Amino acid sequence: IIKIQAPKKVDTGKTITINLTITDTNKTPANGTAVIKINGLSIKDINTKTSAIPIKNGKGSLTMTLASYSGKEYTITAIFSKTGYNRAENTTKMTVNKATYKTFTLKLNGTSQQKIKIKQTLTDTNGNKIYGNTQVAIKLGDRTVKTLTVSNSILDTEITVPYHPPGENKCKIALGENYRYNTKILHSTINISDQNVT
């Protein structure tokens, strides 16, 4: 008899622990080895780096990070087999929710036609670095000045300031929705100075 204790709902990027309780039909705790699969793929524990879960006195656990998991429902399957026992398995469902990008604010300064460097680490509201590809659009006023794809959680780019009146102007950074994260619009400002004439 296998009992699986796992989160019913959890945000992508979170670290979770899946606990197993395994007994025989007389409720005697079993000893041996189990395997956990998610949607048919064997999972490795982040501490031991192995997919074999030692079951001692009927208890065992596996810790993993949901860094690459999209927002959808998954089937967790636990399998136990040992000499003298019939092979047994049980399943449960876990829903992975999309995470939300963490808000940040930039205060940029420059003149029209100046090139400005932007470098920012993108994280989610759980404090995890963004995993996978993220489409980014940078707008000054209502004009899109740059679109790019961030694939390593680091927004590192350069923009050219368009012709705008001097003073404080609105700046927006749009982070696109994908399988793991919800879209987010970040509001910042850019202070455009008068250009010097030579």
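Reader: In strand 14, which residue is the bridge partner of V136?

Author: L148 is the bridge partner of V136 in strand 14. Keep in mind that this is a predicted model. V136 also stands opposite L175 in strand 16.

Reader: How do strand 13 and strand 14 pair, and over how many bridges?

Author: Look at the direction of the strands. Strand 13 and strand 14, residues 143-150, pair in the antiparallel sense over 7 bridges. The two form a hairpin with 2 residues between them. G141 sits in that turn and has a positive phi of about 65°.

Reader: And over how many bridges do strand 13 and strand 16 pair?

Author: Strand 16 covers residues 167-175, and its pairing with strand 13 is antiparallel over 5 bridges.

Reader: In what sense do strand 11 and strand 18 pair?

Author: Strand 11 pairs with strand 18, residues 184-193, in the parallel sense. This pairing runs over 5 bridges. For one example, find K107: its bridge partner in strand 18 is T189.

Reader: How many strands form the open sheet with the order 1-3-7?

Author: That sheet has 3 strands, and the pairing is antiparallel. Its edge strands are strand 1, residues 2-5, and strand 7, residues 59-65. Each of these pairs on one side only. The twist averages 20° from one strand to the next.

Reader: Over how many bridges do strand 3 and strand 7 pair?

Author: Strand 3 covers residues 15-22 and pairs with strand 7 over 7 bridges, in the antiparallel sense. Within that pairing, T21 has K59 in strand 7 as its bridge partner.

Reader: Now the charges. How many salt bridges does the structure hold?

Author: First the general idea. Side chains of opposite charge can pair when their charged atoms come close. This structure holds 3 salt bridges.

Reader: Which residue forms a salt bridge with K98?

Author: E177 does, and the closest N and O atoms are 2.7 Å apart. K98 lies in the loop between strand 9 (88-97) and strand 10 (99-100), while E177 lies in the loop between strand 16 and strand 17, so the pair ties together parts that are 79 residues apart in sequence. K98 is partly exposed, at 26% relative accessibility.

Reader: Which residue forms a salt bridge with K117?

Author: D156 is the partner of K117, with the closest N and O atoms 3.1 Å apart. K117 is in strand 12 (residues 115-121) and D156 in strand 15 (residues 154-160), so parts 39 residues apart in sequence are tied together. K117 counts as exposed, at 55% relative accessibility. D156 counts as partly exposed, at 35%.

Reader: How far apart are the closest N and O atoms of R87 and E89?

Author: They are 2.9 Å apart, and R87 forms a salt bridge with E89. R87 is exposed, with a relative accessible area of 55%. E89 is partly exposed, with 44%.

Reader: Where is R180, and is R180 buried or exposed?

Author: R180 is in the loop between strand 16 and strand 17, residues 181-182. R180 is buried, yet has no salt bridge. The salt-bridge cut-off is 4 Å.

Reader: Then what is R180 in contact with, leaving aside neighbours within four places in sequence?

Author: Its contacts include T12, Y69, K98 and Y131. Notice K98 among them: K98 forms the salt bridge with E177.

Reader: One last residue. Where is K72 found?

Author: K72 is in the loop between strand 7 and strand 8 (73-80). K72 is partly exposed, with a relative accessible area of 43%. Not counting residues up to four places away in sequence, K72 touches N39, M94, T95 and V96. From K72 to N126 is 18 Å, C-alpha to C-alpha. In sequence, K72 and N126 are 54 residues apart.

Key
Residues are numbered from 1 along each chain as its sequence is written. This is a predicted model: local features need pLDDT of at least 70, side-chain atom pairs count only at pLDDT 80 or more; totals for chains, interfaces and linings use all residues. Side-chain values use heavy atoms; hydrogens and water are left out. Two strands pair if DSSP finds at least two bridges between them. Helices (H or I, at least four residues) and strands (E, at least two) are DSSP runs, numbered from the N terminus. Axes are lines fitted to C-alpha atoms, for helices over the stretch in contact, and angles run from 0 to 180 degrees between N-to-C directions. Buried means under 20% relative accessible area, exposed over 50%, partly exposed in between (1.4 Å probe, protein chains only). Lys and Arg count as positive and Asp and Glu as negative; His and the chain ends are not counted. A salt bridge is a side-chain nitrogen of Lys or Arg within 4 Å of a carboxyl oxygen of Asp or Glu. Contact means heavy atoms within 4.5 Å.
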